[in-house]
Amino acid sequence: MTVFIRIGLVVLFLDELMVGAWNAFSPETFYRYFPTVDLTPPFSEHYARDFGGATLGIALLLGIAIVTPKAQSVIPAALAFSVFAVPHFFYHVAHLEGTTVGEAIALTAANAAVALLGIAIILVTIARDRRAQRQQATTPSAKLSS
C-alpha cells in the first residue's frame, strides 16, 4: 500500500511542481502554450503568479509526504491537492466550449485522473493505517502489554 501511496504522491508532486513553477516563473508562456488555458481569457500575470505560488506550496506538501509517507503528512497533502483538483475537474467539465473533441476528452480524462488519484491516496492511507492498527492489536505482544 505504501508503494501505491508513494507513486501516487510522486505523480501529483511532479504535476504540481511543473504547473506551479511554469505559472510562477513564466506565466505568459504558460497561458500561451499550456493546452486550453488560453480558452479562458483574459490573461492576468498577477493571478497566474499567485496560482503558481499556491501550486508550488501544494507541491511542497506532497514532497514532504513522499519522504515521510505517514498519515500525518500524506492525508493533509492529498487533501490540500484534492481541495483544488476536485472543483478544478468540475469547472472544466462545465466549460468545454471552444475545445476540440480531442482536447475535451484529454482535459476531462487528465483532470479526472489526478482528482481521483488524490482521493485514492487518502483512502488507501486510511485503509493502510487501520489495517496496521488491527494487526498490532492482534499480535501476542500487544495483548500481553494490555
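Biologist: How do the residues of the lining of the largest pocket divide into nonpolar, polar and charged?

Modeller: The lining of the largest pocket comprises 21 nonpolar, nine polar and four charged residues (nonpolar: Ala, Val, Leu, Ile, Met, Phe, Trp, Tyr, Cys and Pro; charged: Asp, Glu, Lys and Arg; polar: the others, Gly among them). The model is predicted, with local features requiring pLDDT of at least 70 and side-chain atom pairs pLDDT 80 or more, while totals for chains, interfaces and linings use all residues. Numbering starts from 1 along each chain as its sequence is written, and side-chain values use heavy atoms, without hydrogens or water.

The pocket lining consists of 34 residues, and F30, V37, F51, H88 and H92 are those nearest the pocket centre (a pocket is an open set of points on a 1 Å grid over the protein atoms alone where a 1.4 Å probe fits, with protein on both sides within 12 Å along at least five of seven lines; lining residues have an atom within 4 Å of a point). Two or more lining residues come from each of α1 (2-25), α2 (27-33), α3, α4 and α5 (101-138) (helices are DSSP runs of H or I, at least four residues, numbered from the N terminus).

Helix α3, residues 45-67, lies against helix α4, residues 71-94, at an angle of about 150°, and their axes are 8 Å apart (axes are lines fitted to C-alpha atoms over the stretch in contact, with angles from 0 to 180 degrees between N-to-C directions). The two helices α3 and α4 are therefore roughly antiparallel (an angle over 145 degrees). From α3, the residues F51, I58, L61, L62, I64 and A65 meet S73, V74, A77, A78, A80, F81 and F84 of α4 (contact means heavy atoms within 4.5 Å). That contact of α3 with α4 contains twelve nonpolar residues, one polar residue and no charged residues.

The contact of α4 with α5 has 18 nonpolar, seven polar and two charged residues.

Helix α5 in turn meets α1: their axes come within 10 Å and cross at roughly 150°. As a result, α1 is roughly antiparallel to α5. On the α1 side, the contact is made by T2, F4, I5, G8, L9, V11, L12 and D15, and on the α5 side by V114, L117, G118, A120, I121, V124, T125 and R128. By class, the contact of α1 with α5 includes ten nonpolar, four polar and two charged residues.

Conventions: Parallel < 35°, antiparallel > 145°, perpendicular 65-115°, else oblique.
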